[in-house]
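Please follow the account below with the coordinates open. It begins with a single contact and widens from there to the fold as a whole.

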Amino acid sequence: MDEHPSSISEDGDMSNIMENSNGKEITTEESSVIEPFVGMEFESEEAAKVFYDAYATHLGFIMRVDAFRRSMRDGKVVWRRLVCNKEGFRKLRPRRSENRKPRAITREGCKAMIVVKKEKTGKWVATRFVKDHNHPLVAIPSNGRRSVLLSQTPDEKDVKIRELTAELQRERKRSAAYQEQLDIVLRDMEDHSHRLSRNIEDIVQSVREIESKRMILYFAMRKFEWNLLILLMEMFSLFVLFALLL
């Protein structure tokens, strides 16, 4: 009974991978590599990249790191698609100069790919594998291709997304600072408005009190004038009476 292969480590070590019913061993003149299959496990996303890159080297095509998906919970990559560099078609763009030599066509709509997904266990599992290419494969000797860890050559899309994410975070911090300053100004304006409102109420109350006192003073003056008039009339009456007696 065939055994399932153990997970591939991040350094690309495939020494523990054995041939099974899901995948077969591909042998070249120099070495051999296991063909990917659905259900194949990897210790990490990086391990999946290293493995598929080695597989691509043995078969004679170049791997390209393609689309990905992030977790809605923590924003980490949980799904990745690795494709042949001839996947898709180049977008037609107007030439800037007629004298400029047109670039060679490198994309031919190749469908070959592997899709890996991070499971709850933390391991990455191949969920889709397309083997066939629509173009000839040219095997490259292992010593004829520069060996560079994929972790040191990140996908340009990832780099752009990280740059945009960092810029977005900076803009959010700047926006938060502006919002904080605006809140302070609004609070100061609100406090000033409350103080002004209280001052206006105090002034209105003072005017009402003055008006009330003015009315009291007015009636007091009228009463004084009336009493004075009565006193003068009484004095005049006494003067007349005294004159008659004389």
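In this predicted model, Lys123 and Glu43 form a salt bridge whose closest N and O atoms are 4.0 Å apart. Lys123 belongs to the loop between strand 6 and strand 7, whereas Glu43 belongs to the loop between strand 3 and helix 1, so the pair ties together parts that are 80 residues apart in sequence. Neither residue is buried: Lys123 is partly exposed at a relative accessible area of 28%, and Glu43 is partly exposed at 40%.

Strand 3 (residues 41-42) runs antiparallel to strand 7 (residues 124-130), and two bridges join them.

Helix 1 can be considered next. This helix comprises residues 45-59, and its 15 residues reach 21 Å from the first C-alpha to the last, close to the 21 Å expected at 1.5 Å a residue. Helix 1 is mostly covered, with 13 of its 15 residues buried. After the helix comes Gly60, which has a positive phi near 110°.

Other charged contacts occur elsewhere in the chain. Side chains of opposite charge can pair when their charged atoms come close. The model contains 12 salt bridges in total. In one of them, Arg64 meets Asp66 at an N to O distance of 3.9 Å, and both Arg64 and Asp66 are buried. These two residues also take part in a network of salt bridges that links them with Arg81 and Glu87.

A further salt bridge joins Glu171 and Arg174, with the closest N and O atoms 2.6 Å apart. Why does the spacing of Glu171 and Arg174 amount to about one helical turn? The two are three residues apart in helix 2, and therefore about one turn separates them. An α-helix has 3.6 residues a turn, so residues three or four places apart point the same way. Both partners are partly exposed, Glu171 with a relative accessible area of 36% and Arg174 with 35%.

Helix 2 spans residues 156-245 and also contains Leu232. Leu232 is part of a nonpolar surface patch formed with Phe224, Leu228, Leu231 and Met235, which together have about 500 Å² of accessible area. The relative accessible area of Leu232 is 48%, which means that this residue counts as partly exposed.

These elements can now be placed within the whole chain. There are two helices and seven strands, arranged along the sequence in the pattern β-β-β-α-β-β-β-β-α. Of the 246 residues, 24% are buried. The accessible surface comes to about 19200 Å², and carbon and sulfur atoms account for 56% of this area. Among contacts between residues at least 6 apart in sequence, 49% join residues at least 24 apart. The opening example of Lys123 and Glu43, 80 residues apart in sequence, may be read against that figure.

Note on methods:
Residues numbered from 1 in each chain as written. Predicted model: local features only at pLDDT ≥ 70, side-chain atom pairs only at ≥ 80, totals over all residues. Heavy atoms only, no water. Patch = residues over 30% accessible without salt bridge, like charges linked within 9 Å, V, L, I, M, F, W, Y side chains within 5 Å. Areas by Shrake-Rupley, 256 points an atom, 1.4 Å probe, with all protein chains shown as cover. Salt bridge = Lys/Arg side-chain N within 4 Å of Asp/Glu carboxyl O. Helix = DSSP H or I, 4+ residues; strand = E, 2+ residues; numbered from the N terminus. Buried < 20%, exposed > 50% of the residue type's maximum accessible area, 1.4 Å probe, protein only. Pairing = 2+ DSSP bridges. Expected span 1.5 Å × (residues − 1). Contact = heavy atoms within 4.5 Å.
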